[in-house]
Amino acid sequence: MTRQVDVAILGAGSAGLYAVGQVRKATDNWVLIDGGELGTTCARVGCMPSKVAIQIGEDMHRRSIFEREGIEGGDSLVLNQEDAMEHVQDLRDVFVDKVLSTSTDEMSEEEFIEGNARFVEPNVLEVNGERIEAKKIIIATGSTPLVPGAWEPFRDRILTTDEFFEQESLPASVAVIGLGVIGLELGQALHRFGVDVTGIDMAETIGGLEDPVARDAAIELIGKEFPLWLGQAAEVSEAGEGRLKVTAGDNEVVVDKLLVCMGRVPNVKTLNLEALGVELDAKGVPAFDPHTMQVGDLPVFIAGDVTGERPILHEAGDEGRIAGFNAVQDTPVAFERKTPLSITFCDPNIVMVGQGWGELDEDAIAVGEVKMGLLGRAIIMGRNRGVLRVYADKNDGRILGATFVAALAEHLGHLLCWAISQHLTVFDLLSLPFYHPTMEEGLQAALYDLKGKFDEELDHPIELKPLK
Ligand SMILES: Cc1cc2nc3c(=O)[nH]c(=O)nc-3n(C[C@H](O)[C@H](O)[C@H](O)COP(=O)(O)OP(=O)(O)OC[C@H]3O[C@@H](n4cnc5c(N)ncnc54)[C@H](O)[C@@H]3O)c2cc1C
Ligand SMILES: NC(=O)c1ccc[n+]([C@@H]2O[C@H](COP(=O)([O-])OP(=O)(O)OC[C@H]3O[C@@H](n4cnc5c(N)ncnc54)[C@H](O)[C@@H]3O)[C@@H](O)[C@H]2O)c1
């Protein structure tokens, strides 16, 4: 017998759970299906445990400035790697428990099915031998770390983020392959844990940086901590005694393990999306409307990392909300998407907001820049490194985007993202308060530099607004 439901949601990750949150407001007749480990990628093997590792690394690294502050004994501090990893796992468990106790743990057997679903028709699924016919289906099955098939013989010495946080002890040496977001965050954390790290990326950049000034600053600063080999793909072979030889161009290193962070692939393999009868892209994902999350005109929606488009948590959350909301409407509603914001939590942070350097027409923009070296608060913190670059429309001063390589830039990025979302100009921003002494004064300095690129002269100080 085929079970009938209003909505079936595939995947109990962040996107799927946000979708459920919307769906259950409109109907009790829904089902959530998940065939993997529960607790969400974010809490279990993503955002949260990675930030714990980064925090430990940062706390340990802080000792490098103790001496100049008159604090003695920094050299004798020891990071116990096993205890540190146990702390990562303890906090990870707290975050996972928090997710489970407010989601699947509370669901009935009717509401939550453990199993991998596959499509039979656009509105019919099969899971654990049972058929489910759903008026609407939401695909929110996330993604999986990419490991090249050719490296399968070395799989026992390859760590991805699916395995890393489970490690009780750490290898003495690691080659981090891929210096995108994950490679930079975890590579630097591992280095600061005392592991001998070599970072390799086939691109001539790190953290996906396109702005040439920001890119050079980031490569110089992070390259002071551990070697970065850029511009050549990594190749791997046996080195004997269980170790691996990694080469990239003329560089060569022998390591105990690889941390592979070469991107992620959508979890679509077992879904039989061919049954949808629409074209699939090279990764097996169907085309969808990013404002409704609907797949063509099918009764099918898609949300989160499985789309491969905006693989970050708040976007997965929004996509889940959009898909869930629309799955219970007669006609899908198109929603605005948020101003792009991406933060790599390495030190210094790498932050990109709004339109990226690669999308902008250099002739149509003005760029404001400040180096963080002379910023008072940054000097006090011993974190006066990096650069802030802000891009504005040359005609009207409207802020279009920015790239930051600086300590605590995660906060500056939010401020500027909100300003772009409100369509503010450099002149609007300079009339707002900047407290002294703060890191925000770095942003203020970049904005002053940007304002200097415009001829516009006000008849009053730019920091002030005449009463209307
Ligand atoms: C190491 C790391 C660090 C990160 N750090 C950050 C960060 O700091 N900030 C940030 O914004 N983002 C970060 N991200 C990204 C963020 O974690 C993801 O964007 C987000 O978790 C995606 O949520 P999701 O619901 O799409 O996928 P998931 O949470 O992965 O959920 C997908 C679910 O689908 C299930 N599933 C798979 N196949 C099937 C099937 N056939 N049938 C049924 N169920 C299935 C899986 O078991 C899983 O439970 C990080 C990611 C990683 C890996
Ligand atoms: N702070 C955050 O928001 C955060 C943190 C971690 C992960 N994430 C999400 O997870 C996703 C996946 O992260 P990721 O770091 O795995 O992917 P990524 O796409 O950010 O980086 C992958 C890197 O691997 C490199 N690469 C690919 N093949 C290679 C090869 N053969 N040799 C050398 N280098 C190679 C690429 O040039 C690229 O720089 C990201 O897109 C991100 O959105 C977000």
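Colleague: What should I know before we start?

Modeller: This is a predicted model, where local features need pLDDT of at least 70 and side-chain atom pairs count only at pLDDT 80 or more, while totals for chains, interfaces and linings use all residues. Residues are numbered from 1 along each chain as its sequence is written, chains are lettered from A and ligands numbered from 1 in the order in which they are written, and side-chain values use heavy atoms, with hydrogens and water left out.

Colleague: Why is Glu 106 called exposed?

Modeller: Exposed means over 50% relative accessible area, buried means under 20%, and partly exposed is in between (1.4 Å probe, protein chains only). Glu 106 has 61% relative accessibility, so it counts as exposed. You'll find Glu 106 in the loop between helix H4 (81–101) and strand S3 (112–114); helices (H or I, at least four residues) and strands (E, at least two) are DSSP runs, numbered from the N terminus.

Colleague: What does Glu 106 touch?

Modeller: Contact means heavy atoms within 4.5 Å. Setting aside neighbours within four places in sequence, Glu 106 is in contact with Leu 100, Ser 101 and Glu 111.

Colleague: And Arg 92, is that buried or exposed?

Modeller: Arg 92 has a relative accessible area of 10%, so it is buried. Arg 92 sits in helix H4. Leaving aside neighbours within four places in sequence, its contacts are Ala 43, Arg 44, Pro 49, Phe 165 and Glu 166.

Colleague: What makes the link between Arg 92 and Glu 166 a polar contact?

Modeller: A polar contact is a pair of N or O atoms within 3.5 Å; within protein, one must be able to donate a hydrogen and the other to accept it, and residues adjacent in sequence count only if both atoms are side-chain atoms. The side chains of Arg 92 and Glu 166 are joined by one of 2.8 Å.

Colleague: Which residues are closest to ligand 1?

Modeller: Asp 34, Thr 41, Lys 51, Asp 305 and Leu 313 are the closest of the 37 residues that surround ligand 1. A residue is near a molecule or strand if one of its heavy atoms lies within 4 Å of it. An oxygen atom of ligand 1 is 2.8 Å from a polar backbone atom of Leu 313. Taken alone, ligand 1 exposes 1000 Å², and the protein buries 90% of that. Those areas come from the Shrake-Rupley method with a 1.4 Å probe; for residues, only the protein chains shown count as cover.

Colleague: How is the shell around ligand 2 divided by class?

Modeller: There are 13 nonpolar, three polar and three charged residues. Ala, Val, Leu, Ile, Met, Phe, Trp, Tyr, Cys and Pro count as nonpolar, Asp, Glu, Lys and Arg as charged, and the others, Gly among them, as polar. A polar side-chain atom of Asp 201 lies 2.6 Å from an oxygen atom of ligand 2, and a polar backbone atom of Met 202 is 3.1 Å from a nitrogen atom of that ligand. Taken alone, ligand 2 exposes 850 Å², of which the protein buries 76%.

Colleague: What makes H8 mostly covered?

Modeller: Eleven of the 15 residues of H8 are buried. Those buried residues pack against strand S1 (3–10), H1, strand S6 (130–139) and strand S17 (300–302).

Colleague: Why is Asn 272 called partly exposed?

Modeller: Asn 272 has 24% relative accessibility, so it counts as partly exposed. Asn 128, on the other hand, has a relative accessible area of 57%, so it is exposed.
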